[in-house]
Amino acid sequence: MKQNVASKFGQGLTPRQFVEGMTKNQQAFESWYEKFAWTDESDREYFESLNHRDDLRVLILAADWCGDVVRNVPVVFRILETAGIKTEVLILEENQDVMDNFLTMGGRSVPIVIFADTGGYVLGHWGPRPEHVQSLMREFKQQNPDREAADYEGKITEVRKAMGQAYGEGTESHAVIAKELRSLISGF
């Protein structure tokens, strides 16, 4: 059975309300938002072409304390603005019921960008981070399943550092996110 999130439509925050309500990382979030620029004209044109579709809705599970939210959601906001897709943000702590349907390797990782049709049926989702960054965490979790191991904290600190490097110094990951979202939406 396909998942349905229709009961959450109209319950979330607009992107602007989310940003204005941030108590952590607001400046960094806004900085990433301002830095976004299309690097691939065909991607920009693709997302602009979606303005003619009125059958898609997006819910984004997010929390302002999360580094991946601060890094990725501004890019997602800019892309979805270009596409003209109605978008709402669901605060993680207030929407555990939804979060528990979109776990990442058994954990609650955000952001999760949920694409649904107007009836609320989930078509697909993206997140919590670009695949080339997420693959580092996936490999770490496979090699380090015991969170109680004596060296776990040291190793997770190292993988988080590697993930930061994988994101790059600047906006390199923005084009990657655009391509991943384009690939996902193209399947709907």
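About 480 Å³ of space lies in the largest pocket of this predicted model. On a 1 Å grid over the protein atoms alone, a pocket is an open set of points where a 1.4 Å probe fits, with protein on both sides within 12 Å along at least five of seven lines, and lining residues have an atom within 4 Å of a point. Grid points are joined across faces, edges and corners, and the volume is the space filled by probe spheres set on them.

The lining of this pocket comprises 22 residues, and D68, S109, R129, M137 and R160 lie nearest the centre. Two or more lining residues come from each of α4, α6 (131-143) and α7 (152-167), helices being DSSP runs of H or I of at least four residues and strands runs of E of at least two, numbered from the N terminus. Helix α7 provides the largest share, six residues.

Strand β1 (residues 56-62) is largely enclosed by the rest of the structure, because six of its seven residues are buried, that is, under 20% relative accessible area with a 1.4 Å probe, protein chains only. Six bridges join β1 to β3 (residues 112-117) in antiparallel fashion, where strands pair if DSSP finds at least two bridges between them. Within this pairing, R57 has A116 as its bridge partner. Strand β2 (residues 86-91) runs parallel to β1 and is joined to it by six bridges; L61 stands opposite L90 of β2. From β1 the chain crosses through helix α4 (residues 67-83) to β2 in a right-handed β-α-β crossover: with the strands pointing away from the viewer, the path from the first strand over the helix to the second runs clockwise.

Residues are numbered from 1 along each chain as its sequence is written. In this predicted model, local features need pLDDT of at least 70, side-chain atom pairs count only at pLDDT 80 or more, and totals for chains, interfaces and linings use all residues, while side-chain values use heavy atoms, with hydrogens and water left out.

Technical notes. Buried means under 20% relative accessible area, exposed over 50%, partly exposed in between (1.4 Å probe, protein chains only).
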